[in-house]
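Subject: Structure handover

Hello,

Here is the structure you are taking over. Please open it beside this email and follow along.

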Amino acid sequence: MGKVFVLDHPLIQHKITYIRDKNTGTKEFRELVDEVAMLMAFEITRNLPLQEKTIETPVMEAKAQVLAGKKIGLIPILRAGLGMVDGMLNLLPAARVGHVGLYRDPESLQPVEYYIKLPSDISERELIVLDPMLATGGSANDAIYSLKKRGAKHIRLMCLIAAPEGVELVKENHPDVDIYLGALDEKLDEKGYIIPGLGDAGDRLFGTK
């Protein structure tokens with residue numbers, strides 16, 4: 001069964017507070033999301049396997065550790081997931097980036113896929129799906145299905161803020177996927193927004209309404 005990790009590092013929690021604040025402008029909001037994604041990258045990569053390598057230091061030959069095994073793939077869900085990519089790439093510059101385009105139908109609240117472009121070797125990669133908000137869970141759930149349908153075998157989901165309803169949906173449909181969160185909020189309102197949440201992450205990232 002996939003596990004749910006709420007990353008309670010003080011720096012992550014501090015920055016999420018300002019991300020939530022309605023008085024935080026677009027520029028600062030974008031910078032904060034970038035920073036929190038980078039901090040969360042430390043936690044989500046904590047258990048990546050290492051292998052030994054022999055190197056020459058300026059003093060002597062030494063055995064040291066380097067990353068081993070699976071290569072990383074970052075999969076932002078368009079459009080809000082784009083705000084998390086640069087922070088992740090700061091720590092994982094060799095990662096390949098794919099994109100899944102989904103939007104939520106305002107009437108049914110169901111996700112509609114309109115674009116997908118992935119690395120050719122996704123079956124060999126450790127994929128991290130990026131989406132700031134896990135609300136109903138529909139978009140993340142469908143994105144993960146899209147990846148699996150195209151051969152993905154190792155998937156993690158990383159979100160800034162989630163509602164219990166979204167977490168449960170992903171856990172139920174994808175028990176093999178671990179979920180990493182900056183915060184687990186109280187619930188969804190009648191419009192499907194996370195309470196207390198931070199509003200619409202895409203609009204706040206890109207200055208749209």
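Leaving aside its neighbours within four places in sequence, which residues is I194 in contact with? Keep in mind that this is a predicted model. I194 is in contact with M133, L134, A135, I161, A162, A163, D185, K187 and L188, once neighbours within four places in sequence are left aside. I194 lies in strand β13. The relative accessible area of I194 is 7%, and buried means under 20%, so I194 is buried.

Now the annotations. UniProt, in an unreviewed entry, gives "binding site" for I194, G199, D200 and A201. I194, G199, D200 and A201 are included in the lining of the largest pocket. Another "binding site" annotation in UniProt, also from an unreviewed entry, lists R79, R104, D131, P132, M133, L134, A135, T136, G137, G138, S139 and D200. In this list too, R79, R104, D131, P132, M133, L134, A135, T136, G137, G138, S139 and D200 are included in the lining of the largest pocket.

Next, the pocket itself. The largest pocket holds about 740 Å³ of space. It is lined by 32 residues, and the closest to its centre are A80, Y103, R104, S139 and D200. Which elements give two or more residues to this lining? They are β4 (71–78), β6 (99–104), β7 (111–117), β9, α4 and α6. By residue type, the lining of the largest pocket divides into 17 nonpolar, 8 polar and 7 charged.

A135 sits in the loop between β9 (133–134) and α4 (138–149). Is A135 buried or exposed? Its relative accessibility is 14%, and the limit for buried is under 20%, so A135 counts as buried.

D200 is in the loop between β13 (194–195) and α6 (201–206). With a relative accessible area of 31%, D200 is partly exposed. Partly exposed is the class in between buried, under 20%, and exposed, over 50%. Leaving aside neighbours within four places in sequence, D200 is in contact with R79 and Y193. What does the side chain of D200 reach at 3.0 Å? It reaches the backbone nitrogen of G202. D200 is also one of the residues closest to the centre of the largest pocket.

A201 lies in helix α6. A201 has 5% relative accessibility and therefore counts as buried. Not counting residues up to four places away in sequence, A201 touches F29, A80, P132 and M133. Of these, P132 and M133 carry the UniProt "binding site" annotation, and A80 is among the residues closest to the centre of the largest pocket.

There is also a second pocket to look at. The second largest pocket has a volume of about 280 Å³. It is lined by 16 residues, of which L67, K70, K71, I72 and A94 are the closest to its centre. β4 and β8 (125–130) each supply at least two residues of this lining. The lining of the second largest pocket divides into 10 nonpolar, 1 polar and 5 charged residues. β4 also gives two or more residues to the lining of the largest pocket.

I128 is found in strand β8. Its relative accessible area is 2%, so I128 is buried. Residues up to four places away in sequence aside, I128 touches I44, I72, G73, L74, I75, M88, R156 and M158. I72, in that list, is among the residues closest to the centre of the second largest pocket. I128 and E35 are 93 residues apart in sequence and 17 Å apart in space, C-alpha to C-alpha.

E56 is found in strand β2 (residues 50–56). Why does E56 count as exposed? Its relative accessibility is 60%, and exposed means over 50%. E56 and D34 are 22 residues apart in sequence, and their C-alpha atoms are 35 Å apart in space.

Regards

Definitions and conventions. Residues are numbered from 1 along each chain as its sequence is written. This is a predicted model: local features need pLDDT of at least 70, side-chain atom pairs count only at pLDDT 80 or more; totals for chains, interfaces and linings use all residues. Side-chain values use heavy atoms; hydrogens and water are left out. UniProt positions are given in the numbering used here, feature names are shortened, and annotations may be inferred rather than shown by experiment. On a 1 Å grid over the protein atoms alone, a cavity is a set of points where a 1.4 Å probe fits but cannot get out, and a pocket is an open set with protein on both sides within 12 Å along at least five of seven lines; lining residues have an atom within 4 Å of a point. Helices (H or I, at least four residues) and strands (E, at least two) are DSSP runs, numbered from the N terminus. Buried means under 20% relative accessible area, exposed over 50%, partly exposed in between (1.4 Å probe, protein chains only). Contact means heavy atoms within 4.5 Å. A polar contact is a pair of N or O atoms within 3.5 Å; within protein, one must be able to donate a hydrogen and the other to accept it, and residues adjacent in sequence count only if both atoms are side-chain atoms. Grid points are joined across faces, edges and corners, and a volume is the space filled by probe spheres set on the points. Ala, Val, Leu, Ile, Met, Phe, Trp, Tyr, Cys and Pro count as nonpolar, Asp, Glu, Lys and Arg as charged, and the others, Gly among them, as polar.
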